[in-house]
Amino acid sequence: MKPSVIKAIRIFIYTLILPAWFIYDIKAQEKTNEEMIRSMAEEISSTGENSADLELFTENIHDLEIDPVRINLGSLKENRRLFFLSEYQIRALSEYVKKNGKIISVNEISSISGFDNETAAMIAPFITLEESINRGNYQSRKPRQTLLSNFSVKPGFKDPDAAGSQWKMLTKYRFGAGRFSAGFTSEKDAGEKYFSGTPLMPDFFSGFLSFNGTGILREVIAGDFSAQFGSGAVINTGFRSGLSVAVPGVLTPICDIRPHTSTEENNFFRGMAVTLGKGKIETTLFASFNNIDATINNSGDSLNKSVTSLYKSGIHNTEAALGKKDVLKEFTWGINTSVYFRWVSAGIIVTENIFSLPFSSGSSGPEDFYDFCGTRNSLAGIWYSLSAGRFIISGEVASGHAMKHAVTESVSFVPADRISFSFLYRYYAPGFISFHGKSAFSGSAPANEEAILGSIKFEAARNFFISAGTEFIKHPWAAYLTCFPSSSLLSEVRADYMPHKFRIETVYRFRSGSSDLNVTRGVPDIKDVKTHSVTLKVKHMVSDRLLLTSRADIKNCNSGISTGMMLCNDLIWQPAAAPVKLWFRYALFSTGGWDTRIYAYENDLTDSFSLPALYGKGTRTYVMIEFKPVKPVMLRVKYGITSRMEDSGTEGFINELKLQIRVSF
Amino acid sequence: MVVLFLSLPAAGTHIVRPSAGAGEAGMAYACIMKPGIWSAFHNQAALPLNGTSAFSFSYENRYGLKELAARNLCFVLPSGNSAIGAAYSYSGYSDLRMEVISLAGGTRLSPGLSAGVQANLNIVNSAGEYMDYVLITCEGGLLMNLSENVKAGVHIFNPLPNSLRKVPVRSALRTGAGMELPGNLFLALEAEMISGEGISLRTGFEYSAGAKFLLRAGYSTREPGFSFGIGYSTKPAVADIAFSTHPALGITSCLTVSFILGKSDIRK
């Protein structure tokens, strides 16, 4: 062939596939944390109904990146910050350090009982082998600051009723020096005014100042903070474990206060929290005075105002929604005292919420019968955790308003290193009210449910893991859209094959439940809903700079009446020649309706997430580019488009554009 | 006839992606990971794996109706780690016909990884009051070695949003893997989703019976049916024939004749 022809061919090819050509220069580099974060986030987003938990998860993960766990301290409390490990793994890690001394490499972790190569690699980005008292970057003596700003908009979308612009804006600032850290978060959702109220403030503004000590004064937070004590039945405004019945995660009690840095606008405390400790005893006291959103019944005179319901979405994009903003004052105080021995820990928690307006009794249906009434809600709970050989047993008993009780009990059993069992029982009486509580597998504000869960995980062969779990839930009283006592069942089986360079993940889920069948008059009939879903995911690490993922989902609701399907491909590429990183997704979906919607986690701006619910028939595409022109500066741009075929045969589109700048210095 | 025409593989609101190649048809088109001359129609990333220049002609008589017949022509021109391909497809009859002119390029990005893209000019002519139109579509794919004997492929057709064009075109996503087994057997499994439809699966095998004969069979869930095919190679020509069954519409037959302009080989 003539050289000129060859040259012409090459010019054609280089021009036509220029973007792909850069992949040619693929060189090894250390694996980033991104895939780890993505993998775990996908786990959480499998049901898609935990977006608040996903936000907290994302935040916790980024906190761990910034402030990794010092595993060589051998401290259970420190190791429990690895919230995605099981209690057995956490204890095994601590015991190993106490018996054998410092861990000198991450590879050594895989030899610890309960760990394998995969788990060791998974936790690697979130741990440090240093023992330094000064934890991580934020608490090093050298001051460190991070400023992050996000801007996002749906181009072309207009809402004539919106109070403000369609731009969503978020700013986070964090400062750390020695044992002190401080920061603030401000946010404005799409359609909201950036400044509102008197005095003028951003729609959401949150800040904190914290101190971390090692003496009697162990932790102080002034400003906004979150807290968890025990199993969380009484208080847990942070992340809750137990989002997958097959892989329950940590079920044991945790006592922790931490600065509130997320954009959750209502479920946090504003005031001061102090943790004091000496030896094996630790006490946390806190007081909070916060204005929260609520729907107020104004039908009576001003003296008879009452709260109809709490407004938790945090969206204030209309005048009506603005009327609900910060209208209810909530004062909360609490005290938790814990004792920690080597194999046993226990604690007692007492708290009270006092509201400025009384909650009115529900009147719309039987499901409101046990709703909270009045202005005060007191709660007390006792929790414990016992480790005996390969058994770990823990639980909490709480009692609250009108002497309604909550009980959680969990047992974890690891008969051999390659197999583990978990069992969980929980009971929340109808009428048990906890405004800031949530424990493993419960929803927010858990009540009216009794459930038992069992799960097993084992390594069936080298690199091949099988886990399965099932949960049976009974609701002894009527619930929302279910005017009768009901029950539901959730089962999950997953198989993961993870050889070097690629992994295959399959998950089968079954969910059954019942609700009201809509009727125009009279007592509703019972509608049984059964949903089966299968997800198959194949990830191929082509090189350390290129990851390809193919995913297929099939979801069937009530024996074929409605079926949803999705086929999706992702590409993550980090070229060697430039300080950029690229994410690309192309997905096709076809579902029979909302019941068979499919949630597909997306990479998004740092410290953020995206979890679109795909339903109808259409496509979802996004491209995201990260650019680091100089070390302290990171820019990200994401453009996504979702097209959906309308019933009329036309195609509708939703575009979204997101921009982010992060500066660390 | 229009209804039948719209039922062509990957048919969308408007048809733009023809199927071609008897070798591929014999495996129920489970072929995005299988290099060959007709990669220009299925996964352009496989083009550079063709070791030599070749051209091929294919005739498909869909359901035995000449009005639905498709004639396809393509050639592949490899050069170093890259290759280009060009294809022409004509289907339909005088009152409703579609022509597609395609230009494709593929390159090996690294050992075990290749990528390719293709641009198509689609011309649809209809009789009477129906609209004639000309469309440009694009498609692309990746092909990678998962191991020495396993290849995986991904192919996207028309990833651009329809907001950019007046005439909507359906999109398609294919992903699959193929394995070479001892005994000259190649197995393939592929999933495809076309916008507005569910996921369909295809599976097929190709068995080399001696140096010259190839036996193929496959099954597709989209238009549920089996496919069968044979191939015969005698330098420089290769002939393939395939038959596909449809539960209601009958049998589709496909004949392909290819000419290999050099020593025939498929690269790893």
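Modeller: Let us begin with contact: two residues are in contact if their C-beta atoms, placed from the backbone, lie within 7 Å. Helices (H or I, at least four residues) and strands (E, at least two) are DSSP runs, numbered from the N terminus. A residue is buried if 20 or more other C-beta atoms lie within 10 Å of its own, exposed if 12 or fewer, and partly exposed in between. This is a predicted model, in which local features need pLDDT of at least 70 and side-chain atom pairs count only at pLDDT 80 or more, while totals for chains, interfaces and linings use all residues. Residues are numbered from 1 along each chain as its sequence is written, and chains are lettered from A and ligands numbered from 1 in the order in which they are written.

Biologist: Against which elements do the buried residues of H6(A) pack?

Modeller: They pack against helix H5 (76-79) and strands S18 (374-388), S19 (391-399), S20 (405-416) and S21 (419-428) of chain A. The buried residues of H6(A) include A:Tyr88, A:Ile90, A:Leu93 and A:Tyr96, and also A:Glu87 and A:Arg91.

Biologist: How is the length of such a helix judged?

Modeller: The expected span of a helix is 1.5 Å times one less than its number of residues. Helix H6 (residues 87-100) of chain A has 14 residues and should therefore span 20 Å, in agreement with the 20 Å between its end C-alpha atoms. Just after H6(A), A:Gly101 has a positive phi of about 85°.

Biologist: What do the totals for each chain say?

Modeller: Chain A contains nine helices and 34 strands, and 41% of its 665 residues are buried. In chain B there are three helices and 14 strands. The radius of gyration is taken over C-alpha atoms, and the globule rule is 2.2 Å times the number of residues to the power 0.38. For the 268 residues of chain B the rule gives 18 Å; the radius of gyration is 17 Å, close to that value, so chain B is as compact as a globular protein of that length. Its C-alpha atoms fill a box of roughly 55 × 35 × 35 Å along the principal axes, and 51% of the residues of chain B count as buried.

Biologist: How many residues does each chain give to the contact between them?

Modeller: Chain B gives 33 residues and chain A gives 37 residues. On the side of chain B that touches chain A, the elements giving two or more residues include strands S2 (70-79), S5 (113-126) and S9 (185-194) of chain B. For classes, Ala, Val, Leu, Ile, Met, Phe, Trp, Tyr, Cys and Pro count as nonpolar, Asp, Glu, Lys and Arg as charged, and the others, Gly among them, as polar. That side of chain B has 19 nonpolar, 13 polar and one charged residues.

Biologist: How should I read strand pairing?

Modeller: Two strands pair if DSSP finds at least two bridges between them. Strand S10 (residues 199-209) of chain B runs antiparallel to S11(B), with eight bridges joining them, and B:Ser208 stands opposite B:Leu214. Their hairpin has three residues between the strands, and B:Gly210 there takes a positive phi near 85°. S11(B) in turn pairs with S12(B) over eight bridges, also in the antiparallel sense, with B:Gly229 as the bridge partner of B:Arg216. Four residues lie between S11(B) and S12(B) in their hairpin.

Biologist: How is a nonpolar core read?

Modeller: In soluble globular proteins, nonpolar side chains tend to be buried together. A nonpolar core is a set of buried Ala, Val, Leu, Ile, Met, Phe, Trp, Tyr and Cys residues joined through C-beta atoms within 7 Å. The largest has 50 residues, of which B:Ala40, B:Val76 and B:Leu142 touch the most other members. Beyond its neighbours within four places in sequence, B:Leu142 is in contact with residues including A:Leu548, B:Ala45 and B:Val154. A second, separate core of 33 residues includes A:Ile221 and A:Phe286.
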